[in-house]
Amino acid sequence: MPSRADGLSAPVATSGASSTQVLRVVGAALHGIGVVCMLLLAWRLFTPVQDQPLSAAVSTSGTLDQSVATLLRSRRDTIEVTLDAVPDARSRAFFRAVRGSGHVLRVTAPRVLPALAVAAEEEWRASGGTRLQVVAADSARHAAQDAAGLIDSIAIDSAGLRTRSGPLAGALHVGRAGVAPLVATSPTEARVLVLGSATWESRFLVAALEEAGWPVDVAVSLSPKVTIGQGAARLPSRDRHAIVVLLPGAPSSAMAALPAFVRSGGGVVIVGEAARSAGVAAIRAGAPGATMRGEVGAEAGDEPRHGLDLVPVATLAPGSVALESRDGRVAVAARRVGAGRVMQVGYDNSWLWRMAGDDQSPDAHRRWWSALLSGIVSQREPESRIVTTAESDTLDAAPVAALARDLGLPTVGGGAVRSMASPSLAASLDPRWLLATALLSLVVSWTLRRWRGLA
Amino acid sequence: MKFTFATVQYESGDWDSAPLLAANVIDAVARYTSIDVAPSGAIVPLSSEALLRYPLAYLTGHLPVRFTAAERAMLRKYCDRGGLLFVDDHNHDVDGVFHKTCTEELGQALGPLANIPNTHPLYKAFFTFRDGPPTTSHELNGWGDNLVHDHLQGIERNGRLAVIYSSKDYSSEWSFHPENKKFLSVDNTRFGVNLVVYALTR
């Protein structure tokens with residue numbers, strides 16, 4: 001007959017066995033989990049993982065939408081940049097540094113970034129002014145403004161735009177492009193020496209240049225022994241003159257100094273028959289051809305320089321560039337000689353244009369000559385290009401070109417890049433979580449085993 | 001392009017009263033300078049656009065001067081563009097009809113005449129005339145107004161001398177055959193050289 005204790009102990013034993021069984025199962029499961037986590041941790045630690053790229057974007061303002069600190073704290077190998085606009089100079093500098101540190105930089109854009117470039121150069125005019133050149137990839141209208149405010153709204157076609165404005169106040173911005181104007185050497189520094197004989201051409205050329213604001217020295221020969229002029233200097237001097245204009249009949253002593261003058265950085269304009277002088281054979285833009293007579297009366301027409309006698313540049317010297325032609329002949333050509341530039345102007349009596357042309361001709365003659373001289377004088381370096389730190393962060397004369405230079409042009413189609421493939425399994429396993437889970441599982445498993453033994 | 005001495009032809013008066021003057025000035029310019037000068041002068045109507053091709057022009061006469069509207073307009077355009085008109089009173093007489101009418105016409109077209117100081121660069125352009133414009137034999141003989149005119153007169157346009165007006169009768173003084181210069185102790189056409197050089201270099 002079973003005892004009372006037996007009757008009581010049997011259910012207890014059954015219940016204890018069941019609990020022990022549960023604890024054993026749970027402990028084994030936790031132990032298994034811990035072991036698996038340890039194995040995964042070991043696998044994770046010894047498996048190279050491709051990091052998920054960090055995404056950054058450049059917003060329409062041209063600046064990064066993440067702080068530089070955030071990007072620097074990330075330890076990703078790859079940074080993807082999506083450009084909604086052309087990044088500013090500071091952002092580009094950061095990306096260059098990121099790439100330079102060994103990171104992979106992927107640059108994409110949802111659409112083609114519109115190219116735009118702008119240049120500004122002060123003009124030598126008595127009234128002052130700025131010459132603007134703007135090119136754009138697409139026809140568009142852009143607002144041009146400087147520090148003083150809006151200047152104008154500029155319509156740009158595929159051929160670009162050249163226009164003039166008054167003096168600029170600080171940097172010029174056209175759309176996203178900005179530039180500090182190149183400051184041309186001021187007229188007080190760019191003195192011109194006109195060499196020649198007493199002719200109407202020398203007289204009216206000097207008048208035109210002076211009216212345009214150029215300080216002019218003159219040395220014209222009146223007889224073999226008499227040379228008269230204005231200004232202190234009768235010979236070309238780099239200390240005093242930026243440009244020499246050589247007309248026919250110039251004193252031979254002055255002509256002999258021209259090759260050295262131009263090679264040291266001066267500008268020389270050789271006019272008409274003066275190109276036949278042996279003294280300039282080594283520096284002229286080309287050998288002169290036979291003189292072509294101008295069409296009488298044409299100086300008052302639509303093409304006034306057709307009325308002028310022309311000594312064409314028949315054979316261009318190596319490196320010379322034709323700048324203007326008339327009736328298939330080169331009328332104006334230029335070349336570099338040493339550190340200086342030479343321009344050869346075939347028109348021999350441009351004074352007729354000024355004197356006998358239409359009502360606009362005096363001003364047109366003046367501007368034409370002034371532009372020719374502006375083209376060969378060397379620009380002042382380097383202070384004309386210095387901009388403040390604040391400006392240098394925002395000024396880009398050609399922002400898309402600068403982007404291509406610094407980072408390469410972006411891949412168009414940012415959406416595809418944004419939906420890149422999901423990260424790998426190894427990359428998705430965080431070692432910290434694996435270690436914590438393993439430790440917790442093993443500790444609990446060990447605790448259960450101890451508890452089961454006590455029980 | 002050679003320098004060509006131009007004589008202005010106007011509709012009133014006797015514009016051709018000194019036919020030998022051009023040849024004499026051309027001779028002097030060729031004799032003393034290396035300026036490339038045309039051997040013969042040109043006669044240009046004052047109302048013609050062709051005047052603009054001759055930035056120095058000479059105008060003289062004895063008789064009353066009355067410019068037409070076209071002549072007046074062209075004279076104004078010529079001077080504004082940079083031309084220089086040398087006017088000489090062939091009467092050398094301040095009360096003469098040429099002087100009265102011509103100065104009146106010039107005043108209407110361009111503005112009043114003013115004395116040119118005797119230190120003006122005109123008098124040092126090539127030869128030096130320390131006392132201003134050289135006198136003429138007609139002045140010294142007491143003909144006409146019986147005066148030696150101390151100054152030439154002028155009109156400025158755009159800051160440049162556009163008109164030189166003389167009452168000294170250079171038209172008579174220089175109106176002889178150039179060959180006869182050899183009889184002169186001092187060539188009296190030297191001031192003509194100054195006029196041309198000044199026009200070409202001012």
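Guide: Gladly, and a definition comes first: a nonpolar core is a set of buried Ala, Val, Leu, Ile, Met, Phe, Trp, Tyr and Cys residues joined through C-beta atoms within 7 Å. A residue is buried if 20 or more other C-beta atoms lie within 10 Å of its own, exposed if 12 or fewer, and partly exposed in between, with C-beta atoms placed from the backbone. This is a predicted model, in which local features need pLDDT of at least 70 and side-chain atom pairs count only at pLDDT 80 or more, while totals for chains, interfaces and linings use all residues. Residues are numbered from 1 along each chain as its sequence is written, and chains are lettered from A and ligands numbered from 1 in the order in which they are written.

The largest nonpolar core holds 121 residues, and A:Val245, A:Leu246 and A:Val269 have the most contacts inside it. The element that gives the most to this core is α6(B), with eight residues. Helices (H or I, at least four residues) and strands (E, at least two) are DSSP runs, numbered from the N terminus.

Let us stay with A:Leu246. Leaving aside neighbours within four places in sequence, A:Leu246 is in contact with A:Leu195, A:Met255, A:Leu258, A:Val268, A:Val269, A:Ile270, A:Val271, A:Ala274 and A:Val280. Here two residues are in contact if their C-beta atoms, placed from the backbone, lie within 7 Å. A second, separate core has 29 residues, including A:Val58, A:Val107, A:Val118 and A:Ala177.

Now for α6(B) itself. Helix α6 (residues 190–201) of chain B and helix α1 (residues 21–32) of chain B have axes that come within 8 Å and cross at roughly 80°. Axes are lines fitted to C-alpha atoms, for helices over the stretch in contact, and angles run from 0 to 180 degrees between N-to-C directions. Angles under 35 degrees count as roughly parallel, over 145 as roughly antiparallel, 65 to 115 as roughly perpendicular and the rest as oblique. α1(B) and α6(B) are therefore roughly perpendicular to each other. From α1(B) come B:Val25, B:Ala28, B:Val29 and B:Tyr32, which meet B:Arg190, B:Gly192, B:Val193 and B:Val196 in α6(B). Six of the residues in this contact are nonpolar, one is polar and one is charged. For these classes, Ala, Val, Leu, Ile, Met, Phe, Trp, Tyr, Cys and Pro count as nonpolar, Asp, Glu, Lys and Arg as charged, and the others, Gly among them, as polar.

Between the chains, the contact takes 19 residues from chain A and 15 residues from chain B. On the side of chain A that touches chain B, α4 (200–211), β12 (216–223) and α7 (351–356) of chain A each supply at least two residues. That side divides into twelve nonpolar, five polar and two charged residues.

α4(A) also packs against helix α8 (residues 361–376) of chain A, at an angle of about 80° and with the axes 9 Å apart. α4(A) and α8(A) are therefore roughly perpendicular to each other. A:Leu205, A:Ala208, A:Leu209 and A:Glu211 in α4(A) meet A:His365, A:Arg366 and A:Trp369 in α8(A). This contact has four nonpolar residues, one polar and two charged.

Stepping back, chain A has 13 helices and 21 strands, and buried residues make up 37% of its 455 residues.
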